[in-house]
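User: I've got a model open and I'd like to talk through it. Can you take my questions one at a time?

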There are 2 protein chains.
Amino acid sequence: MTSLQYSKTIFRQLTTSRHSILIKPFSTSSRIMTRSDKILHLNNTNPQIRKAEYAVRGELAIRSEVLKNELANGAKLPFNRVVGCNIGNPQALDQKPITFFRQVASLVEYPEMLKDENAEAAARFFPKDAIERAKLLLKHIGSVGAYSHSQGIPYIRENVAKFISERDGYPADASKIFLTQGASAGVQLTLEMIIEHNNVGVMIPIPQYPLYTATLAVLDANPVPYYLDESKGWGLTTEELQRALDESIKKGIETRALVIINPGNPTGQCLTEQNMREIIEFCRKNKIILLADEVYQTNIYQKDRPFHSFKKILKSMGPDYEGFELISYHSISKGMIGECGRRGGYFECEGMDAFVLEQIYKISSISLCPNVQGQIMVDLMVNPPKKGDPSYEQYKKEYDDIYFSLKKRAQILENTFNSLEGCTCNPADGAMYLFPQIRLPKKAIEAAKAAGKEPDQFYCLAMLESTGVCMVAGSGFGQVEGTGHFRSTFLPPPELFDEFCGSIKNFHASFMNKYRD
Amino acid sequence: MTSLQYSKTIFRQLTTSRHSILIKPFSTSSRIMTRSDKILHLNNTNPQIRKAEYAVRGELAIRSEVLKNELANGAKLPFNRVVGCNIGNPQALDQKPITFFRQVASLVEYPEMLKDENAEAAARFFPKDAIERAKLLLKHIGSVGAYSHSQGIPYIRENVAKFISERDGYPADASKIFLTQGASAGVQLTLEMIIEHNNVGVMIPIPQYPLYTATLAVLDANPVPYYLDESKGWGLTTEELQRALDESIKKGIETRALVIINPGNPTGQCLTEQNMREIIEFCRKNKIILLADEVYQTNIYQKDRPFHSFKKILKSMGPDYEGFELISYHSISKGMIGECGRRGGYFECEGMDAFVLEQIYKISSISLCPNVQGQIMVDLMVNPPKKGDPSYEQYKKEYDDIYFSLKKRAQILENTFNSLEGCTCNPADGAMYLFPQIRLPKKAIEAAKAAGKEPDQFYCLAMLESTGVCMVAGSGFGQVEGTGHFRSTFLPPPELFDEFCGSIKNFHASFMNKYRD
């Protein structure tokens with residue numbers, strides 16, 4: 001095989017693999033890069049990274065970037081705009097940021113505007129409470145351009161602790177809170193801490209947010225999948241947890257942690273108190289650390305399914321559960337804030353060994369500190385304007401408008417999916433996604449096979465090419481063998497939402513007509 | 001041994017170990033956390049993390065935080081301010097940010113100020129070119145609150161490519177540039193990529209910036225130390241590289257990459273062109289990837305030692321070196337910018353296999369994207385105001401003032417160190433640090449031993465307690481066995497610099513008097 005042939009073969013394998021991750025174009029030089037003449041090549045890079053898959057930014061997302069570029073360069077496509085429903089990225093879909101938050105962020109960047117002699121001019125743009133908050137933050141921070149404490153600015157951690165204790169009715173301790181560059185960074189860091197060797201297992205839901213499988217792959221650990229029951233609104237039973245654990249024990253895996261995503265991603269379900277208590281009992285009985293991904297805690301759409309934090313439920317269970325090991329993650333990227341690009345979040349350690357906390361501090365310190373603007377947004381999230389503050393009314397209105405609009409869009413999209421031939425969709429109790437099941441005709445499944453794709457990936461690719469709507473196939477999240485799903489956010493802007501739903505309906509009808517058995 | 005005894009023993013081992021990393025206080029609950037009753041405890045966490053050491057934020061830095069808190073709470077100490085010279089954190093030591101950069105950062109946070117109807121009011125704070133730049137950036141970014149492309153915003157990567165090609169006189173390719181959350185994140189990511197198994201070696205300078213040893217420890221790889229020659233201004237010879245490589249081969253280590261920090265950290269030396277060519281030849285001959293940490297490329301203080309990028313030298317070496325694998329790192333944290341808290345930087349891949357780039361993209365995508373404000377600062381760094389722009393004069397003045405002041409402070413501190421009994425210090429060609437050698441009296445060495453400390457650590461701790469000046473002992477960077485050093489930034493503000501140098505002199509004299517043999 002010549003070098004060129006070798007390259008082409010590998011390239012084809014990559015492009016046709018189930019979750020191929022391609023960035024195009026990496027303009028290669030005139031020389032063909034092959035295994036033989038490079039020190040580092042595909043076959044001798046870190047094998048754990050090679051194994052990792054991250055569908056949310058995989059083939060579909062990369063193809064959507066190509067289409068976006070083509071549109072920008074004047075290409076004629078069947079659509080005018082690429083709509084990125086593959087990822088919960090509200091501000092990329094025109095969601096307006098919370099004004100007060102951005103005012104404070106703007107002021108701390110340029111403290112000249114906070115000077116007394118500029119007060120009149122600054123008042124043209126900034127309300128009094130934004131100016132006061134910016135001054136207060138700078139008093140504690142110094143400059144947003146300086147490295148902070150590696151664990152996060154102590155003053156902001158104190159505010160996070162206050163927020164948690166007010167939310168839950170139980171105390172929280174700033175010294176056990178770590179600010180992070182988004183919840184993902186927190187999950188990666190804590191999993192890295194927990195994975196002692198390649199026989200450690202971590203229980204994860206199926207379907208799951210692929211951060212977990214990707215991170216476990218990189219860390220060379222074992223995902224221990226437990227299945228959510230689609231027929232019961234993506235319900236979670238301790239019987240299923242036990243089955244999954246038993247199976248891992250049979251394989252000799254040392255299962256040490258359990259990931260719960262609540263509200264669920266991609267599945268949108270919200271756990272009941274009773275269910276949460278059972279999960280905590282299960283963990284205690286089996287000596288398993290609970291990792292609670294609660295980034296969607298304010299994206300709650302059903303009155304009968306309010307959000308409860310695991311911290312609160314745990315604390316309500318009394319002294320028998322003292323010392324229970326729980327890590328809870330939160331983020332500024334979701335909720336009504338949606339400040340994804342800023343990379344901010346935190347995790348709280350409950351019941352963790354003090355020496356383990358020291359190790360977490362040390363590993364955090366190697367990366368110096370989370371970015372300070374992200375930390376500031378955490379402060380604003382946990383301590384927004386209060387009733388009576390000059391910015392309160394506007395804050396409340398902006399927050400509620402986004403909330404009610406999301407709730408409405410979730411409902412409209414659910415109805416749309418349930419109206420499609422062969423498609424059923426559970427409602428979203430929470431989060432930003434729907435995860436409908438799609439039953440494709442045999443002909444479509446055969447066409448997918450011929451193209452070397454999973455059927456749901458094939459369907460999503462066809463949708464993207466036809467409508468510009470980018471979703472993620474269920475195969476990227478994990479699903480019961482033989483079923484097909486896709487995940488879509490309901491974030492497209494309200495004024496385009498009918499058009500968005502209409503284009504899905506039209507696409508689906510023509511797809512089904514083309515492939516109907 | 002009881003639980004409590006066990007805890008205390010471990011605690012003492014930790015606090016007295018050479019590079020103990022302590023965060024105090026982690027307020028533990030009433031229960032004593034021990035190995036026996038926790039799922040995760042010190043002895044079953046990730047052993048690679050346990051092994052990692054990061055002195056820059058280690059015992060000295062942590063103790064300095066405690067002292068800072070004590071001062072804030074009104075404690076009477078022998079000093080009024082803790083001066084953090086342990087880390088290159090200019091804005092924490094009152095360095096003013098570049099006004100234009102902050103104006104743009106402020107405007108993109110709150111685009112309301114960019115609206116036409118607000119032009120007059122905005123002009124009170126913002127010059128025309130800042131407003132134009134903010135508009136241009138937002139046109140390409142959308143919102144700083146939205147996730148960007150995982151590799152970094154394409155428009156900004158194009159500007160980085162332009163900057164590199166103008167700096168070097170050779171083309172650069174935006175598709176091979178990755179924006180990162182600081183250079184550290186880039187180093188971590190690329191090393192993670194390169195480390196295939198625990199037999200891979202990476203050559204690192206001694207003394208080195210401990211990011212490298214810490215990251216290699218976490219990745220379970222082998223540092224292959226080569227020594228810089230202090231007697232020749234921290235010079236680097238290929239003979240020493242060859243010696244280090246030969247030794248690694250003897251041990252059966254597969255050495256795959258070579259880290260060069262230029263200008264040096266902690267050592268401040270700046271490589272000559274001839275030396276750089278020899279290093280490139282060495283790498284080519286031995287099939288080693290060159291990793292060039294060039295974050296101090298604008299911190300250059302000696303006319304006869306200008307900065308050259310490895311990319312430029314490589315490209316000047318002609319077609320024989322085509323396809324040579326080089327990764328170069330840069331950052332917004334250093335230079336005259338000093339925007340450390342923002343976490344921004346980039347790395348450029350030269351000659352890397354396209355499939356490896358795909359893997360780098362994939363691993364980047366799992367963390368979603370570098371924070372957008374950090375990316376914006378990269379744009380400003382590589383594309384500052386030009387002659388004729390409204391902000392140019394101010395930018396030039398601010399930049400030059402910082403530059404000349406740093407150069408002057410480097411000289412003053414070098415003179416101070418060279419005036420100390422038993423202390424010799426090479427000048428800084430570049431970077432932000434001096435790394436003097438200190439010869440301590442036998443009595444001091446014995447006192448250090450009795451305290452369970454390395455002698456230079458003991459000296460630095462004494463200095464901290466006496467003056468509030470926090471430096472880092474040479475043992476944290478690596479040094480020739482039996483020698484002692486410390487690293488100090490020369491960043492304390494100009495108006496306090498004489499006092500700062502005076503307090504070091506006074507401390508040193510009394511320390512030597514106390515321990516003189």
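This is a predicted model: local features need pLDDT of at least 70, side-chain atom pairs count only at pLDDT 80 or more; totals for chains, interfaces and linings use all residues.

User: How much area is buried between chain A and chain B?

Analyst: The size of an interface is often given as the accessible area lost when the parts come together. Here 118 residues of chain A are in contact with 118 residues of chain B. Carbon and sulfur atoms give 59% of the buried area, and that area is about 9900 Å².

User: Which residue of chain B forms a salt bridge with Glu109(A)?

Analyst: The rule finds four salt bridges across the interface of chain A and chain B, along with 47 residue pairs in polar contact, both residues at pLDDT 80 or more. In the salt bridge of Glu109(A), the closest N and O atoms are 2.8 Å apart. The partner in chain B is Arg342(B).

User: Which helix gives the largest share of the side of chain A that touches chain B?

Analyst: Sorted by residue type, that side of chain A has 54 nonpolar, 39 polar and 25 charged residues. The largest share, 11 residues, comes from residues 354-366, and that is helix H13 of chain A.

User: What relation do the two chains have?

Analyst: Two copies of a chain are related by a rotation about an axis and a shift along it. Chain A superposes on chain B with a rotation of 180° and 0.0 Å of shift along the axis, at an RMSD of 0.0 Å. So this is the relation of a two-fold axis.

User: In chain A, which residue has the C-alpha nearest the axis?

Analyst: The same surface serves both copies, with 100% of the contact residues of chain A recurring in chain B. As for the axis, the nearest C-alpha in chain A lies 2.2 Å from it and belongs to Ser106(A).

User: Is Asp456(B) buried or exposed?

Analyst: Asp456(B) sits in helix H17 of chain B. Residues it touches include Leu440(B), Ala473(B) and His485(B), and its side chain makes a polar contact of 2.8 Å with the side chain of Gln479(B). The relative accessible area of Asp456(B) is 2%, so it counts as buried.

User: And Ser231(A), buried or exposed?

Analyst: Ser231(A) is in the loop between strand E4 and helix H10 of chain A. Its side chain is joined to that of Asp229(A) by a polar contact of 2.7 Å. With a relative accessible area of 65%, Ser231(A) is exposed.

How values were computed. Residues are numbered from 1 along each chain as its sequence is written. Chains are lettered from A and ligands numbered from 1 in the order in which they are written. Side-chain values use heavy atoms; hydrogens and water are left out. Contact means heavy atoms within 4.5 Å. Buried area is the accessible area (1.4 Å probe) that two parts lose on being put together, summed over both. A salt bridge is a side-chain nitrogen of Lys or Arg within 4 Å of a carboxyl oxygen of Asp or Glu. A polar contact is a pair of N or O atoms within 3.5 Å; within protein, one must be able to donate a hydrogen and the other to accept it, and residues adjacent in sequence count only if both atoms are side-chain atoms. Helices (H or I, at least four residues) and strands (E, at least two) are DSSP runs, numbered from the N terminus. Ala, Val, Leu, Ile, Met, Phe, Trp, Tyr, Cys and Pro count as nonpolar, Asp, Glu, Lys and Arg as charged, and the others, Gly among them, as polar. Copies are superposed by least squares on the C-alpha atoms of residues with pLDDT of at least 70 in both. Buried means under 20% relative accessible area, exposed over 50%, partly exposed in between (1.4 Å probe, protein chains only). Lists of a residue's contacts leave out its neighbours within four places in sequence.
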